[in-house]
Number of protein chains: 2
Amino acid sequence: MDRFNRNNRIVAITQILLNNPSRVISLNNFLEPLNAAKSSISEDIVIIRETIERLQLGAVESISGASGGIKYIPKISKEDTNKFVKDLCEKLNSKERIVPGNFIYINDIMFNPKIVSKAATILSSLFEGQQVDYVVTVETKGIPLAYEVSKNLGVELIIVRRDTKVTEGPTVSINYVSGSSGRIQNMSLSKKSLKKGSKCIFIDDFMKGGGTAKGIMDLLKEFESELLGIGVLIDNIQSDKKVIKEYFSIIEFLGIDEDENVLLKPSNLIK
Amino acid sequence: MDRFNRNNRIVAITQILLNNPSRVISLNNFLEPLNAAKSSISEDIVIIRETIERLQLGAVESISGASGGIKYIPKISKEDTNKFVKDLCEKLNSKERIVPGNFIYINDIMFNPKIVSKAATILSSLFEGQQVDYVVTVETKGIPLAYEVSKNLGVELIIVRRDTKVTEGPTVSINYVSGSSGRIQNMSLSKKSLKKGSKCIFIDDFMKGGGTAKGIMDLLKEFESELLGIGVLIDNIQSDKKVIKEYFSIIEFLGIDEDENVLLKPSNLIK
């Protein structure tokens with residue numbers, strides 16, 4: 001096989017790192033496909049790390065020891081975050097999004113890979129360094145966001161269902177009280193989904209009363225597992241009876257005024 | 001601002017391309033952040049294209065004209081595809097996956113970013129070059145896969161619901177007959193979801209009788225839109241009364257034998 005020069009190797013290593021966020025990749029993985037010496041690869045990685053950190057696109061960590069290697073952690077700069085959140089608030093503030101019942105239509109936002117991947121990097125950065133085993137979400141709208149967060153953190157996603165499915169085998173179901181409406185609802189999860197003693201984070205599109213998040217916490221207890229933290233894209237801060245106190249959000253929703261303006265602002269976390 | 005050297009620029013441009021698959025990026029976008037001349041950037045891109053194509057990681061296309069630029073199209077080599085599909089068949093062939101009713105448990109596969117992103121690249125490559133406006137899926141298990149396909153193709157995802165939601169405004173609902181069970185089911189989609197005259201592809205985790213795919217076709221007709229193609233991860237080829245004839249699959253499921261072996265093989269497409 002032909003040798004690759006430094007430029008070629010840098011493209012290849014950058015690609016492998018970006019496609020495997022938060023996963024430790026042994027330097028040996030690069031030697032054969034790139035037909036290069038370990039010392040050359042090490043020098044390549046120094047250049048890649050320096051550039052990624054200078055452009056505030058993430059961090060490249062070295063892990064020593066037998067199972068060591070390098071690990072890419074996606075990040076987003078303060079400046080990009082602020083611009084992204086400001087633009088998203090503007091995009092969300094539109095009369096056409098208002099749905100009877102004072103809801104706002106956000107499907108196009110939650111299912112747009114460009115938006116979802118940036119929002120996910122903002123959220124995953126908040127949990128970086130914690131030992132997260134799974135990212136949990138509840139169907140349906142938050143799935144792409146939670147999926148991207150799980151990808152950034154290098155772990156599997158778990159999707160809690162609203163009802164039981166025949167294809168998933170034995171399930172654990174719980175009832176929970178919706179914090180805002182007071183209604184009793186059901187959520188269920190296949191027993192095969194997670195190992196005892198797992199540490200999870202819950203990611204969702206929207207938080208109102210926090211009842212769903214509280215339900216997830218209770219459901220995880222049934223699996224002898226723990227909820228480490230919560231992150232949502234939009235927090236409805238009108239709700240004055242939140243059953244959850246600690247969570248991260250990107251945007252705060254303050255309601256709809258009489259002129260049909262959707263009132264939104266970046267959350268305290270972002271400012 | 002300091003200048004970036006060639007190596008630095010290559011890292012940065014590779015990162016931008018990989019994070020924006022199938023989107024045309026104007027060269028002007030690189031000039032200011034990288035503080036470089038257009039001629040230098042053009043040379044960088046030649047190196048990146050050459051490496052990506054040599055390693056069979058994708059293609060980098062140049063689009064000329066006023067709205068031109070460069071576009072990265074994710075691909076996966078024949079060799080990687082074969083290895084991936086073989087490994088996945090092995091992973092799926094496990095007694096522990098068998099769920100009463102002759103179903104196989106695949107949540108851990110469908111919610112694993114490492115597996116999903118590769119499967120998505122296999123599927124998105126099949127539709128590359130066609131003018132796809134949206135990727136459509138139906139909740140829930142196929143969402144991460146469909147999301148990754150939509151990301152690869154640079155378009156938005158549409159998630160069809162099993163029931164209507166108050167947060168989504170007016171919806172269009174249809175009934176369809178499940179091809180395998182003969183049962184009548186419902187699917188619905190918010191009227192805001194897609195524009196008239198859109199061209200879509202349908203991506204799902206599993207196909208049995210094809211009733212769901214047929215339902216999606218009918219639902220899209222209600223939006224005066226068109227289904228260009230179908231791609232699934234697993235095709236249950238035991239079903240001899242498929243209502244859909246043309247579709248792509250990655251793995252074929254042949255049933256479970258008396259020794260509880262899950263019978264699977266790479267689809268014709270892959271071999």
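Predicted model: local features only at pLDDT ≥ 70, side-chain atom pairs only at ≥ 80, totals over all residues.

Trainee: Okay, which domains is chain A divided into?

Mentor: Domain 1 covers 6–74 and domain 2 covers 78–266.

Trainee: What does UniProt list for residues 6–74 of chain A?

Mentor: The UniProt record, an unreviewed entry, has that span down as "domain: Bacterial purine repressor N-terminal". In the model, residues 6–74 of chain A are 55% helix and 17% strand. The end C-alpha atoms of that span lie 23 Å apart.

Trainee: And how far apart do the C-alpha centres of domain 1 and domain 2 of chain A lie?

Mentor: Those centres are 32 Å apart.

Trainee: How many residues are in contact between domain 1 and domain 2 of chain A?

Mentor: Seven from domain 1 of chain A touch eight from domain 2 of chain A. About 550 Å² is buried between the two domains, and carbon and sulfur atoms give 49% of that.

Trainee: Which three residues supply 60% of the area that domain 1 of chain A buries against domain 2?

Mentor: That would be A:Pro21, A:Ser22 and A:Pro74, more than any other three residues. By class, the touching side of domain 1 of chain A has three nonpolar, two polar and two charged residues.

Conventions. Residues numbered from 1 in each chain as written. Chains lettered and ligands numbered in written order. Heavy atoms only, no water. Domains from an automatic or database assignment. Contact = heavy atoms within 4.5 Å. Buried area = accessible area lost by both parts, 1.4 Å probe. Nonpolar A, V, L, I, M, F, W, Y, C, P; charged D, E, K, R; others polar. UniProt positions renumbered as here; feature names shortened; annotations may be inferred. Helix = DSSP H or I, 4+ residues; strand = E, 2+ residues; numbered from the N terminus.
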